[in-house]
Amino acid sequence: MSSQARAQPVAAAGFDVLKVRADFPCLQQEIHGRPLVFLDTAASAQKPNVVIEAQADVLRHSYANIHRGVYSLSQRATELHEAARARVQRFLNAASHREIVFTRNATEALNLVAQSFVRPDLRPGDEVLITGMEHHANIVPWQLLADAGLKLVVAPISDAGELLLPEFERLLSERTRLVSVTWVANALGTINPVERIVELAHARGIPVLLDAAQAVQHIPVDVQAVDCDFLVFSGHKLYGPSGIGVLYGKAARLEAMPPYQGGGDMILSVSYAHTEFQDIPHKFEAGTPAIEAAVGLGAAIDYVTGLGLDAIAAHEADLLAYATRALQQIPGLQVVGTAREKCSVLSFVLDCAHPHDIGTLLDLDGIAIRTGQHCAQPAIERLGHHATARASIGLYNTEADIDALVASLRRVVAMFS
Ligand code: PLP
């Protein structure tokens, strides 16, 4: 291989973004007469044809309720559902498929841990330690334990949006029942040093939950290498369907936890006096699950792993750097969240226009961004803002998308100045 070829970035060498875009039918449309520029993947990703087809195929040919049918169609649907679980297991490098619990989304997975891991032997004054950059889904479930005396402790962040690690370490105490931190912050894009966080907490015997809702689609995740006790994510941000999420938990942790919800499918036997529960993970999956969504999630995992998480990460890193440089040239624009380790997310404000006005005007140019607090109100307020505009990058975005964003933002500035 020539040195010139070796010097090529991974994205340029192995990632054909225009070919990738063709896989996403929703991107092939115009909004207000302009080609859609979709920069809201952090909220929810668009779906490739293979995901749409995988779900449609189940519904057309292989649909029946699972786990309880003696007939062939039900057994086929069960096999497809459980094959999706095995795909998630391999994707996260979990030790066993028993460690993969299907939920509705990351939010439900967090609530499951709050109610089934933290609540049962919670003593007043026990603490859950989070960071100052969390999504509401990693704040509110812990606040719901306040009635049992749980104290929510928040490790502070810098003006750049980085976790202050010495402060975090100081806040670990003998009352800390759980550390629950985001891997990637949805409003700021900060990548947290999760390996170090786990190391610091485990040194004190404290378990760790990683909120990987913004991580699994951008960063290769290996739960055994990072050694977290729990990890959560949502299918819809990983180019999969909505209505399906994942709780990974170390088997010993899950085995020791009571069920989250009761009903069919999670039991071995039921009498009016006593119910015996299934083994993990089924103990946590009461009722009919999102069968076709699980299959769709399996297809999404095959899709991103087929492209290669490293290649996706390299492509997105190039694009984030390109976008950051370009946005910083716009007069009166301030990037919110300037951590050294960032991915995918570019939050910003303009001194001449409110984020909602920016979002509305960009939509007229066919550009979809998110505006507001991004379900991370405390983080946005900590950095001195009431709201921001947020462009977020997915594997299908291009430099042309960023150029369209910049041109449109310049028109907004011209209009308001
Ligand atoms: N955690 C993070 C970091 C997120 O970005 C989100 C969604 O934006 C969630 C949790 C909640 O995800 P869901 O709404 O799919 O449950």
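This is a predicted model: local features need pLDDT of at least 70, side-chain atom pairs count only at pLDDT 80 or more; totals for chains, interfaces and linings use all residues.
The buried residues of helix α14 pack against the strands β14 (345-350), β15 (367-368), β16 (370-372) and β17, and also against helix α16 (399-416).

- Helix α14 covers residues 355-364, and its buried residues are P355, I358, G359, L361 and L362.
- After α14 comes G366, a residue whose phi is positive, near 85°.

**R390 in strand β17**

- Strand β17 spans residues 388-392 and contains R390, and the strand is joined to β14 by 4 bridges, the two running antiparallel.
- Within this pairing, R390 is the bridge partner of S347.
- Is R390 buried or exposed? R390 has a relative accessible area of 2%, which is under the 20% limit, so the residue counts as buried.
- The side chain of R390 is joined to that of D40 by a polar contact of 3.5 Å, and a polar atom of the R390 side chain lies 2.9 Å from the backbone oxygen of N186.
- Leaving aside neighbours within four places in sequence, the residues in contact with R390 include L39, A42 and A43, as well as V345, L346, I369, R370 and H374.

**The seven-stranded sheet**

- Another open sheet is formed by 7 strands in the order β4-β10-β9-β8-β7-β5-β6, and its pairing is mixed.
- At the edges stand β4 (100-103) and β6 (151-155), each with a single partner strand, so one side of each is left without a neighbour in the sheet.
- Neighbouring strands here are turned by 20° against each other on average, direction ignored.
- Strand β5 (residues 127-131) pairs with β6 in the parallel sense over 5 bridges, and T131 stands opposite A155 in β6.
- Helix α6 (residues 106-118) packs on this sheet, where it touches β4, β5, β7 (176-182), β8 (208-211), β9 (230-234) and β10 (245-249), and its direction makes about 150° with that of β9.
- Helix α9 (residues 194-202) lies across β7 and β8, and it runs at about 160° to β8.

**The ligand**

- There are 13 residues around the ligand, and those that come nearest are T107, D211, S234, H236 and K237.
- Which distance separates an oxygen atom of the ligand from an N or O atom in the side chain of T107? That distance is 2.5 Å for T107, and for the side chain of K237 an N or O atom likewise lies 2.5 Å from a ligand oxygen.
- For the side chain of Q214, an N or O atom is 2.7 Å from an oxygen atom of the ligand.

**Cysteines**

- The structure holds 0 disulfides.
- C26 is partly exposed, with a relative accessible area of 32%, and C352 is also partly exposed, with a value of 23%.

Terms used. Residues are numbered from 1 along each chain as its sequence is written. Side-chain values use heavy atoms; hydrogens and water are left out. Two strands pair if DSSP finds at least two bridges between them. Axes are lines fitted to C-alpha atoms, for helices over the stretch in contact, and angles run from 0 to 180 degrees between N-to-C directions. Contact means heavy atoms within 4.5 Å. A disulfide is a pair of cysteine sulfur atoms within 2.5 Å. Buried means under 20% relative accessible area, exposed over 50%, partly exposed in between (1.4 Å probe, protein chains only). A residue is near a molecule or strand if one of its heavy atoms lies within 4 Å of it. A polar contact is a pair of N or O atoms within 3.5 Å; within protein, one must be able to donate a hydrogen and the other to accept it, and residues adjacent in sequence count only if both atoms are side-chain atoms.
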